[in-house]
Amino acid sequence: MGGAGSGASFTNNVKALVKLKLLMRVVGKQFEPTTETTFLGKKISMPIMAASVTGVNSFGGDNAITEKELCRAIVLGCKKAGTIGFRGDTYTYSLENSFGIDAIAEADGWGIKIVKPREQRVINDFYKKAEKAKAIAVGIDVDGCGSLIMAKHGKHVFNKTIDDLKELKKATKLPFIVKGLMYAEDAKKAVEAGADVIVVSNHGGRVLDHSPGTAEVLPKVVTELKGKTTILVDGGIRTGYDVLKMLALGADGVLIGRDVIRAAVGGGIDGVYRIMDHFQKTLKKAMKMTACKTIQEISSDIIYSEA
Ligand SMILES: Cc1cc2nc3c(=O)[nH]c(=O)nc-3n(C[C@H](O)[C@H](O)[C@H](O)COP(=O)(O)O)c2cc1C
């Protein structure tokens, strides 16, 4: 579950979050915060969802679970916690073996399918299958274009142009997500192509060594695009305190990868439910101590700055 090369991008995600400090604000009336919000028109219990992660066969040793079990644990565990599980794509996936979409169908469509930047026709076929499963949305992780493991197994991946993204958006009736954006100009192109949601992400530091932490690049994307699309972010988020920091920087919601994998491998559906519940509880605690009653009330005022 490591990062690319030296692991600098993965650690930069964590370090960027550690650098941000939360300002405690406690004088005022007694209140209990609520973490409920909406995402793509759906009510969710917290703005925290499970990231699209795959390839469980390649780690976990003797305790490894199958890809089908991973997908079921994440999609159904998130549903139980009142939030949404994203599902990803890797070389072991095909239209016949689409474990993520199967789990989404089992959850009556309560999940989201992200497909690698494969050939346009193949992506479309996955989207059609996700539509049949009544998925909430579909998307593409554009930063998967350099995946050596996909190429090694003959599943070719490509850079996508604005026109390619427009074509994908047009071909599906579901909301369209573009994941894997670190550069504000790329994010603007995704929105120009019609992305309903963008995900600021460096793939958990797994695709390019020495990239900045996502919390470092998020503010620029927010400045350019807040209100024009829904902005999600992931990378190094491990508690509700980290979630609160990302929301304060302007994200509309977050995704969490590695900790959800650990919960799925260790505890299945219930493990994922419990880790999501833990994230919600720590977010509530963080909101309570910074005087944020609702998700909508969270602003950059709670980030301590010496200026
Ligand atoms: C083992 C592993 C597999 C992943 N597989 C995918 C994938 O199939 N598709 C995708 O869009 N992202 C994939 N990612 C990236 C995650 O969706 C997410 O961006 C990242 O894990 C967030 O960082 P975090 O793990 O620090 O929370 C993967 C990440 C890990 C750790």
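**Exercise 1. Determine where G266 is placed and whether G266 is buried, partly exposed or exposed.**

Solution. Step 1: G266 has 16 C-beta neighbours inside 10 Å. Step 2: a residue is buried if 20 or more other C-beta atoms lie within 10 Å of its own, exposed if 12 or fewer, and partly exposed in between, with C-beta atoms placed from the backbone. Step 3: G266 therefore counts as partly exposed. Step 4: the place of G266 is in helix α10; helices (H or I, at least four residues) and strands (E, at least two) are DSSP runs, numbered from the N terminus. Step 5: the C-alpha atoms of G266 and N12 are separated by 27 Å, and these residues are 254 apart along the chain.

The model is predicted: local features need pLDDT of at least 70, side-chain atom pairs count only at pLDDT 80 or more, and totals for chains, interfaces and linings use all residues. Residues are numbered from 1 along each chain as its sequence is written.

**Exercise 2. Describe how α2 packs against α10.**

Solution. Step 1: helix α2 and helix α10 (residues 258-289) pack at an angle of about 15°, and their axes are 7 Å apart. Axes are lines fitted to C-alpha atoms, for helices over the stretch in contact, and angles run from 0 to 180 degrees between N-to-C directions. Step 2: angles under 35 degrees count as roughly parallel, over 145 as roughly antiparallel, 65 to 115 as roughly perpendicular and the rest as oblique. Step 3: α2 is therefore roughly parallel to α10. Step 4: α2 passes α10 in a left-handed crossing; a crossing is left-handed if the near helix is turned anticlockwise from the far one by less than a right angle, and right-handed if clockwise. Step 5: on the α2 side the contact is made by E69, L70, R72, A73, I74, L76, G77, C78 and K80, and on the α10 side by V260, A264, G268, I269, G271, V272, Y273 and M276. Two residues are in contact if their C-beta atoms, placed from the backbone, lie within 7 Å. Step 6: the residues of this contact of α2 with α10 divide into 11 nonpolar, 3 polar and 3 charged. Here Ala, Val, Leu, Ile, Met, Phe, Trp, Tyr, Cys and Pro count as nonpolar, Asp, Glu, Lys and Arg as charged, and the others, Gly among them, as polar.

**Exercise 3. Describe how α2 packs against α3.**

Solution. Step 1: helix α2 (residues 67-80) and helix α3 (residues 99-106) have axes 8 Å apart and pack at an angle of about 40°. Step 2: α2 and α3 are therefore oblique to each other. Step 3: α2 passes α3 in a right-handed crossing. Step 4: E67, K68, C71, R72, V75 and L76 of α2 make the contact with F99, G100, D102, A103, I104 and E106 of α3. Step 5: the residues of the contact of α2 with α3 comprise 6 nonpolar, 1 polar and 5 charged.

**Exercise 4. State which residues L76 is in contact with, leaving aside its neighbours within four places in sequence.**

Solution. Step 1: L76 lies in helix α2. Step 2: L76 is buried, because 22 other C-beta atoms are within 10 Å. Step 3: leaving aside its neighbours within four places in sequence, L76 is in contact with A103, A107 and I269. Step 4: the C-alpha atoms of L76 and G111, 35 residues apart along the chain, are separated by 8.8 Å.

**Exercise 5. Explain why the buried residues of α6 are on the same side of the helix.**

Solution. Step 1: in helix α6 (residues 162-171), the residues L165, L168 and K169 are buried. Step 2: they cover an arc of only 100° around the axis, which puts them on the same side of α6; the arc is that of the directions from the helix axis to the C-beta atoms. Step 3: an α-helix has 3.6 residues a turn, so residues three or four places apart point the same way. Step 4: the exposed residues D163 and K170 are carried on the face of α6 turned away from its buried side. Step 5: the buried residues of α6 pack against α4 (120-132), β6 (137-141), β7 (176-181) and α7 (184-192).

**Exercise 6. Locate K134 and H210, and classify the exposure of K134 and of H210.**

Solution. Step 1: phi of K134 is near 65°, a positive value in a residue other than glycine. Step 2: K134 is found in the loop between α4 and β6, and counts as partly exposed, with 14 C-beta neighbours inside 10 Å. Step 3: phi of H210 is likewise near 65°, a positive value in a residue other than glycine. Step 4: H210 has its place in the loop between β8 (197-200) and α8 (214-225), and counts as exposed, with 12 C-beta neighbours inside 10 Å.
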